[in-house]
Amino acid sequence: MAYIVDTGNDDVRTEGMSYGMMIALQLDKPKMFSRLWKWVKTYMTVPKGHENEGYFIWSCAPDGQANSDGPAPDGEEYFAAALLLAEKRWKIKEYGDEARALLHAMVHKGENHDGYPMFEPENTYIKFVAHLHMTDPSYHLPHFYQLYAKYGNPEDSPFFLKAEEEARKFWLKSANAKTGLTPEYADYEGEPYDIDGHWTFFSDAYRTVANIGLDWLWEHQEIGQAQITVNIQKFFEPYLENDEEIPVFKIDGQPLRKEEQTVEGFPPLKVHHPLGLWSTLAQASLVTNEFDSALSLKYLKYFWNLKLRRGKYRYYDNLLYFFALLALSGYYQKEWS
């Protein structure tokens, strides 16, 4: 078995494990993929009879002890996509069957009073956590929903095609029209939603423009989301020259002030994951290049000269860096010849 540690929190998360599986898939490393997935099934599977049965525990200690009894839907989204593509690439049907079982739970749990689905039945939005009626804009992955519709459970194909469409619309709802910034957590109208201070453009939110970039690469369905990438690259352009102290911004582009922190010391006033931020902004160039090539090139050059992060907080930054490198180099794929 194998696991990936969140070095900042000294735990193993479904986020990191599912990211690792996707990276192993893209690099054509089936043994690495298998070892990660075996660890997930061994230690992160929610026990039978629990209301979260069918999902995975979002955080465990490195020795496998559970830190929670609940899941985080972004991990399940990546598990399902990685497993479906692994079935396709390596011809291992068991992976596809496990993905389809997981997707069934994500859509249908709660219909028999057996817990909560991860997708909101009424609007198809992915939830932040299964039992709450709110979301995280960076969890919206229309390019994955296309995979679910194509290779998942046939009876749920219409649902996921609708989810694909609605996810792109939600990017437009949640992104500020001038800055392109999205909040970490949002209500179903796209407005910032405050749980423990996560209402600004902070760490989770960096992934939204990276997702827009990968969706553009895979599906190229333009409904106006390209403007989000142009706006956010223009917003951060001044910091390309001086990124030492990047403020944490509200989505309207105003720096967060100390008196506006809604939890003691949180959100922080300075960015904690600058490499992750620059990596996702560079990945947005997959879109921006078609609308403002000069702006796009600035980010690509800046990204190319970045160094991997070292030390305690390297986990999140370097994973986002790796995904950006895969996408921008043409090696983040859903088809292989």
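Predicted model: local features only at pLDDT ≥ 70, side-chain atom pairs only at ≥ 80, totals over all residues.
Visitor: How far apart are the end C-alpha atoms of helix 4?
Guide: Helix 4 covers residues 93-108, which makes 16 residues. At 1.5 Å a residue, helix 4 should span 22 Å. The distance between its end C-alpha atoms agrees with this: 22 Å.

Visitor: Which helices do the buried residues of helix 4 pack against?
Guide: The buried residues of helix 4 include Tyr95, Leu102, Leu103 and Met106. The packing partners of the buried residues are helix 2 (30-44), helix 3 (73-90), helix 5 (142-151) and helix 6 (157-174).

Visitor: What is the angle between the planes of Trp39 and Tyr43?
Guide: Trp39 and Tyr43 are four residues apart in helix 2, so about one helical turn separates them. Trp39 is buried, with a relative accessible area of 3%, whereas Tyr43 is partly exposed at 29%. Their rings form a tilted aromatic pair, 4.8 Å centre to centre, and the angle between the planes is 55°.

Visitor: How many residues apart in sequence are the parts that the pair of Phe56 and Phe79 ties together?
Guide: Phe56 and Phe79 form an edge-to-face aromatic pair, with 5.4 Å between centres and 65° between planes. Both Phe56 and Phe79 are buried. Phe56 lies in the loop between helix 2 and strand 2 (59-60) and Phe79 lies in helix 3, so the parts tied together are apart in sequence by 23 residues.

Note on methods
Residues numbered from 1 in each chain as written. Heavy atoms only, no water. Helix = DSSP H or I, 4+ residues; strand = E, 2+ residues; numbered from the N terminus. Expected span 1.5 Å × (residues − 1). Buried < 20%, exposed > 50% of the residue type's maximum accessible area, 1.4 Å probe, protein only. Contact = heavy atoms within 4.5 Å. Phe/Tyr/Trp six-rings, centres within 6.5 Å; stacked < 30°, edge-to-face > 60°.
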